[in-house]
Amino acid sequence: MSSIDRSQAVGVKTYEVRTYGCQMNVHDSERLSGLLEDAGYVRAPEGSDGDADVVVFNTCAVRENADNKLYGNLGHLAPKKAARPGMQIAVGGCLAQKDRDTIVKRAPWVDVVFGTHNIGKLPVLLERARVQEEAQVEIAESLEAFPSTLPTRRESAYAAWVSISVGCNNTCTFCIVPALRGKEKDRRPGDILAEVEALVAEGVSEITLLGQNVNAYGSDIGDREAFSKLLRACGQIEGLERVRFTSPHPRDFTDDVIAAMAETPNVMPQLHMPLQSGSDTVLKAMRRSYRQERYLGIIEKVRAAIPHAAITTDIIVGFPGETEEDFEQTLHVVREARFAQAFTFQYSKRPGTPAATMEGQIPKKVVQERYERLVALQEEISWEENKKQIGRTLELMVAEGEGRKDGTTHRLSGRAPDNRLVHFTKPEQEVRPGDVVTVAITYAAPHHLLAEGAVLDVRRTRAGDAWEKRNAAEAAKPAGVMLGLPKIGVPEPLPVATGSGCGCD
């Protein structure tokens, strides 16, 4: 009998949440999982592929084919639902917010459609759909309650997202996110810091401050230096070893933020600063409020204040009207900035955005050729920058699930302070995710580093203790374990240069 069958035999309902898109969606999915577990559901085992009592799609709307992907997945589940009495399907997220009126028409077997502003209603809507035996579509037009007040199922005992704002006040012509997530709304600093302190008390040692435009924090509460103050305040929290944030906007990246990064020891020497294009003409068409000179000026200031900082970026290739000269300006910025990584995207129409109807749409063949040139250049730079790490001694926070070949290579993986991924030789001493090891870098590849010698030091941490405690609890109760409040999830590692995501910051 499978674990799902056993769950059904004792009357326990299972759930599965499928997530698409950016970090905000990943974090929202942790809340959806928390809500369902709070309502008595347990998580279906890995690889269940829709064989759960409730399947939730947390969708993204920033790709041209996002709706086709959703309806294809929904179609795959239709016969499974027909064969499984009582099964329910829910669709939430940005695509649900945008296509509220068409989802149930195109997929009438969907039970619940909910938006980005009312994820807390999911359990109620599922129950209502079950009782009334008809689809429930409920889309709030504005935020009902800040999501951090909701129960959340953390995926990690040692690292956590902490949301500081939702929404975005920018009007980039390629991005539909502000229309779907609304204007920026900031949390009170005291509430954020209380959440961080509670997480640290549970064993978390690394937090990532999260916002659609994270360094614009304070615009809603009338304090232009609120974000730098928040970084400094995080530096005062005992037991908090690492602080990161994503994603900032060059327009709002001020000198006081750079100073706070440089002067606060637990703020990591890492910066993700979206570029999108190096051409002033294209940036203007994108309605980005900075130009090449301003962007490179920020990079120069960061490097002066934090010499070992690893800087990453997002770049869109083939925006409408982009000429070869415009593209060459992007390559120029990449050469000047020397990014550790660049997450590159071929422009695709986002339905509902101004850019989707602009003249000068670039042929796919041209976009592909430029994209390949950009990736080749960035790969070369990433490798050169990683080679500079050879010989350095680094402290790594041991990670869980980031080294796909660790089992066969007898290695473990961890993140350096600047967020570079490092694979290291497994020591004889037990090492747990969340513990800290000291290693010497011996080899560099474009997207990772190796420490092939013996580990120089192992520091067991409270975060490792928390991971061990959680694993023991989950071994005793395989599904649905929720430990501590608040329950915020582990930030995903930065993807490789061709990874997915909205890239809209």
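Helix α13 (residues 324-337) and helix α14 (residues 364-387) have axes that come within 10 Å and cross at roughly 10°. Because angles under 35 degrees count as roughly parallel, α13 and α14 are roughly parallel to each other. Axes here are lines fitted to C-alpha atoms, for helices over the stretch in contact, with angles running from 0 to 180 degrees between N-to-C directions. On the α13 side, the contact (heavy atoms within 4.5 Å) involves E324, F327, E328, L331, V334 and R335, and α14 contributes R370, R373, L374, L377, Q378 and I381. These residues comprise six nonpolar, one polar and five charged; Ala, Val, Leu, Ile, Met, Phe, Trp, Tyr, Cys and Pro count as nonpolar, Asp, Glu, Lys and Arg as charged, and the others, Gly among them, as polar.

This is a predicted model, in which local features need pLDDT of at least 70 and side-chain atom pairs count only at pLDDT 80 or more, while totals for chains, interfaces and linings use all residues. Residues are numbered from 1 along each chain, and side-chain values use heavy atoms, without hydrogens and water.

The protein chain has 16 helices and 21 strands, which are DSSP runs (H or I, at least four residues, for helices; E, at least two, for strands) numbered from the N terminus. Of its 505 residues, 57% are buried, meaning under 20% relative accessible area with a 1.4 Å probe, protein chains only.

The whole structure holds zero disulfides, a disulfide being a pair of cysteine sulfur atoms within 2.5 Å. The sulfur of C60 lies 6.2 Å from the closest cysteine sulfur, in C94, which is too far for a bond.

Notes: Parallel < 35°, antiparallel > 145°, perpendicular 65-115°, else oblique. Buried < 20%, exposed > 50% of the residue type's maximum accessible area, 1.4 Å probe, protein only.
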